[in-house]
Amino acid sequence: MPDHRQGAVSGLWSRGRRQAAERSSLLRGRWDDIPANVRGIVWILLSGIFFTVMSALIKVLGTRIPILEILFVRQAVLSLFVAPTVLRSPIRAFRTPYPGLHALRVTLSVIAMGAGFAAIVHMPLADAVAIGFSKSFFV
């Protein structure tokens, strides 16, 4: 005997997906109507908010949780945001003509991030952030 509830759930699921797609296209259209410089301002403000929250969380959690664990969780969360792009074309996402230099870059990035997190945990937050802002002088 067929289960009629399964058809009803499937119908609700497809209707929900359709409504989500319509809302997404409406929001994307509104976002595209905003001038590019205003969109840039929004992105900069959002990044400032997220980096501030991240620094505060690192400062608070760093006294209780090892820095490497904080670093791992940060990278795991960021991997969720990058996953759709990587999953669309994994070969293209990881293709590089210089795999050795890419591995060196990743290694140095992990070391730099760990050192930055350690600075946030062990130094006054204002000093650590000021030193972090000065990195553009050295790059």
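Student: Let's start with the helices: at roughly what angle do the axes of α3 and α5 cross?
Tutor: In this predicted model, the axes of helix α3, residues 67–88, and helix α5, residues 99–122, cross at roughly 120° and come within 10 Å.

Student: And how are α3 and α5 oriented to each other, oblique or perpendicular?
Tutor: They are oblique to each other, because angles from 65 to 115 degrees count as roughly perpendicular and the crossing of α3 with α5 is at roughly 120°.

Student: Which hand does that crossing have, left or right?
Tutor: The crossing in which α3 passes α5 is right-handed.

Student: Which residues make the contact?
Tutor: On the α3 side the contact involves Ile67, Ile70, Leu71, Arg74 and Gln75, while α5 contributes Val110, Met113, Gly114, Phe117, Ala118, Val121 and His122. Sorted by class, the contact of α3 with α5 has eight nonpolar residues, three polar ones and one charged one.

Student: Now α2 against α5: how do their axes cross?
Tutor: The axes of α2 and α5 come within 8 Å and cross at roughly 65°, and the two helices are therefore roughly perpendicular to each other. The crossing of α2 past α5 is right-handed.

Student: Who touches whom there?
Tutor: From α2 the contact takes in Ser55, Ile58 and Lys59, and from α5 it takes in Phe117, Ile120 and Val121. In terms of class, the contact of α2 with α5 has four nonpolar residues, one polar and one charged.

Student: Switching to pockets, what volume does the largest one have?
Tutor: The volume of the largest pocket is about 800 Å³. Its lining consists of 23 residues, and those nearest the centre of the pocket are Phe51, Met54, Ile120, Gly132 and Lys135.

Student: Which helices supply that lining?
Tutor: At least two residues of the lining of the largest pocket come from each of α2 (36–61), α5 and α6 (125–133), and α5 gives the largest share, with eight residues.

Student: What's the class breakdown for the largest pocket?
Tutor: The lining of the largest pocket has 14 nonpolar, seven polar and two charged residues.

Student: How much space lies in the second largest pocket?
Tutor: The second largest pocket holds about 560 Å³ of space. Of its 16 lining residues, Phe50, Met54, Arg74, Val77 and Leu78 are the closest to the centre of that pocket.

Student: Which helix supplies the largest share of that lining?
Tutor: That is α2, with eight residues, and α2 and α3 each supply at least two residues of the lining of the second largest pocket.

Student: And how do the residues lining the second largest pocket divide by class?
Tutor: The lining of the second largest pocket divides into 14 nonpolar residues, one polar residue and one charged residue.

Key. Residues numbered from 1 in each chain as written. Predicted model: local features only at pLDDT ≥ 70, side-chain atom pairs only at ≥ 80, totals over all residues. Heavy atoms only, no water. Axes fitted to C-alpha atoms, helices over the stretch in contact; angles between N-to-C directions. Helix = DSSP H or I, 4+ residues; strand = E, 2+ residues; numbered from the N terminus. Parallel < 35°, antiparallel > 145°, perpendicular 65-115°, else oblique. Left-handed = near helix turned anticlockwise from the far one by under 90°. Contact = heavy atoms within 4.5 Å. Nonpolar A, V, L, I, M, F, W, Y, C, P; charged D, E, K, R; others polar. 1 Å grid on protein atoms, 1.4 Å probe; cavity = no way out; pocket = protein on both sides within 12 Å on 5 of 7 lines; lining within 4 Å. Points joined across faces, edges and corners; volume = space filled by probe spheres on them.
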